[in-house]
Amino acid sequence: MVEKNKIYRAAITSYSTEGMGMARIQDMVVFVPGTAAGDQCDIRITRVASRMAYGRAERIVVPSKHRITPACPLAGKCGGCCWQHITYEEELRAKQQKVADALRRIGGVAVEDLPITGAPEITHYRNKAQYPVGLGADGTVVTGFYRIRSHDIIPAEQCLIQSETADLLAGVVRGWMADCGVAPYEETSKKGVVRHIYVRTGAASGEAHLCIVAARSRLPAQEELLRRVREACPSLTGVVLNVNKHTDNVILGEKTLTLWGEPELEDRLCGNVFRLSPHAFYQVNHAQAEQLYACVLDFAGLTGAESVLDLCCGAGTITLALARKASRAVGVEIVPEAVTNARENAARNGVENVDFYCADAAQAAMRFARMGKHPDVIVADPPRKGLDEETIEAAAQMAPDKIIYVSCDPATLARDVKHFAGLGYQIERARVFDLFPRTRHVETVVCLGRELERASRHVYLDYEPSPDTKIPHNPTYPEIKAWVMENHGLKVSSLYISQVKRKHGLPVGESYNKPKTEGAKVPQCPPEKEAAIEAALRHYGLI
């Protein structure tokens, strides 16, 4: 058994999913950040768990052939990049192995051919920067990035993976805050104004867009800010203020105000022009995104006769590319601003064979399945948490010939691939894309196919939605509680909500309504609260 604080000499043999080096000491796996496969290290154990341990490299005795001097002075401190100390070729090998290992270990499938497409540029490739704002040790305004697993800001005036325009604008905003006495928002005291500086740049358009995320709906010395940023950055096309008064760590609030210029950024991707609100999802690496989307189209193999359903479609970037090759395309996205962008982008690019719905992916997929819709191809590009079981089962129930899954997390991809396999869909092709050089993140595209052909092909998605059409999404318990409090002034418990949902035949978790001890009496929902909860369920379209 390894001991805490004791130093052991060991070889780093591989990498963890978090990008740390891995060694084996006395039959225990030890994770060591900042190391490279092939390093011989003196490792001090910093934490010991039941099945693993963590350590730090006190000394690199024999450096790996893959080790290089980090170009970034903040390497090892900032939580953004974990692989500044290894060659890019080694980074690509590690990412390819990471995906293959996840598919084999979690998904239960060995993919023989798993090529990886590296990025043409590994510096200044990001078109989106979100800088937290705070006070340094000397009381000056700082921006930078969080230390790993903390909200401590590591000050950074320049970042090697962000655009130089973003760094420039962040510096101008810092100067304005210092000169005009504009305080950063402080999480503990809940005082202050500016929370984040959010910059988007258009790789194709050359434009820049600035969003100030603040705890107020009016900025002090606002005109001075606008004067400074416009003077410093001629490519700037708009400045907006996003108001976030919440006390959680979500970056963007719901309300965005235009302070000057355009409310959205314009860029071109895959031949289409897009306008993007701060809330809209857009791949951060433009060159690699075009490669990835070309792969999606290749895997889909569209001939012009097919119908396509795109889940988690964001601002419609993949949907519009698919629509140009398909008979009909439908996009589903839960963020209202992104859906508005997607519809406007379709009109802007003259794409008429496409519709967009504002809905939760699971609720949309289940509803489409119940309606008997059978798209030829389903594309899903979910957030890091992947797809939930309901979405996967509804997608399989629609019986598409192909399911194209775009994933930014190999572990959740592998989990979902295994679930799809149980429903008759197996991996036919897969490819890895590095959209995030020097970080541990990686994108994967898999094509899932089924052996049995559908009896009738090309059963089109014949929707005629109005611009305000929404498919009801499954509200969370906190959402229902908040709605009931706001509209009826009543405080209701999760137990009461589950009782009412069960009464109407809606699914609830297994643990709800069960007493914690045998024979204990379960309180029943009072009539007035039952009526209020039913009103909420009707509001969300569940009953």
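Visitor: How many residues does the largest nonpolar core have, and which have the most contacts inside it?

Guide: The largest nonpolar core has 80 residues. Those with the most contacts inside it are Val 173, Leu 210, Leu 219, Val 229, Val 296 and Val 445. A nonpolar core here is a set of buried Ala, Val, Leu, Ile, Met, Phe, Trp, Tyr and Cys residues joined through side-chain atoms within 4.5 Å. Buried means under 20% relative accessible area, exposed means over 50%, and partly exposed lies in between, with a 1.4 Å probe and protein chains only.

Visitor: What should I know about the model and the numbering?

Guide: This is a predicted model, in which local features need pLDDT of at least 70 and side-chain atom pairs count only at pLDDT 80 or more, while totals for chains, interfaces and linings use all residues. Residues are numbered from 1 along each chain as its sequence is written, and side-chain values use heavy atoms, with hydrogens and water left out.

Visitor: Back to the core, then. What is Val 296 in contact with?

Guide: Leaving aside neighbours within four places in sequence, Val 296 is in contact with Ile 318, Leu 322, Val 379, Ile 404, Val 406 and Val 445. Contact means heavy atoms within 4.5 Å.

Visitor: Let us turn to helices. How many residues does H6 have, and how far does it reach?

Guide: Helix H6, residues 336-348, has 13 residues and reaches 18 Å from its first C-alpha to its last, close to the 18 Å expected at 1.5 Å a residue. The expected span is 1.5 Å times one less than the number of residues. Helices (H or I, at least four residues) and strands (E, at least two) are DSSP runs, numbered from the N terminus.

Visitor: Which residues of H6 are buried?

Guide: They are Ala 338, Val 339, Asn 341, Ala 342, Asn 345 and Ala 346. Seen down the axis of H6, these buried residues fall within an arc of 160°, so they line one face of the helix. The arc is that of the directions from the helix axis to the C-beta atoms.

Visitor: And what covers that face?

Guide: The cover of the buried residues of H6 includes strand E15 (272-276), helix H5 (317-323), strand E17 (328-333) and strand E18 (354-358). Just after H6, Gly 350 takes a positive phi of about 65°.

Visitor: Which residues of H8 are buried, and what do they pack against?

Guide: In helix H8, residues 389-397, the buried residues are Thr 391, Ile 392, Ala 394, Ala 395 and Ala 396. They pack against strand E16 (307-311), helix H7 (361-370), strand E19 (377-380) and helix H9 (410-422).

Visitor: Are Phe 274 and Tyr 282 buried or exposed?

Guide: Phe 274 is buried, with a relative accessible area of 0%, and Tyr 282 is buried, with 4%. The rings of Phe 420 and Tyr 425 also have their centres 6.5 Å apart, but their planes are at 75°, so that pair is edge-to-face. Both Phe 420 and Tyr 425 are buried.

Visitor: Which residue lies over the face of Tyr 185?

Guide: Arg 195 does, at 4.3 Å from the ring centre. A charge sits over a ring if NZ of Lys or CZ of Arg is within 6 Å of the ring centre and within 35 degrees of the ring normal.

Visitor: Finally, where is His 124, and what is its phi?

Guide: His 124 lies in the loop between strand E6 (116-117) and strand E7 (128-135). Its phi is positive, about 50°, although His 124 is not a glycine. His 124 is partly exposed, with a relative accessible area of 32%.

Conventions:
Rings of Phe, Tyr and Trp (its six-membered ring) pair if their centres lie within 6.5 Å; planes under 30 degrees apart count as stacked, over 60 as edge-to-face and the rest as tilted.
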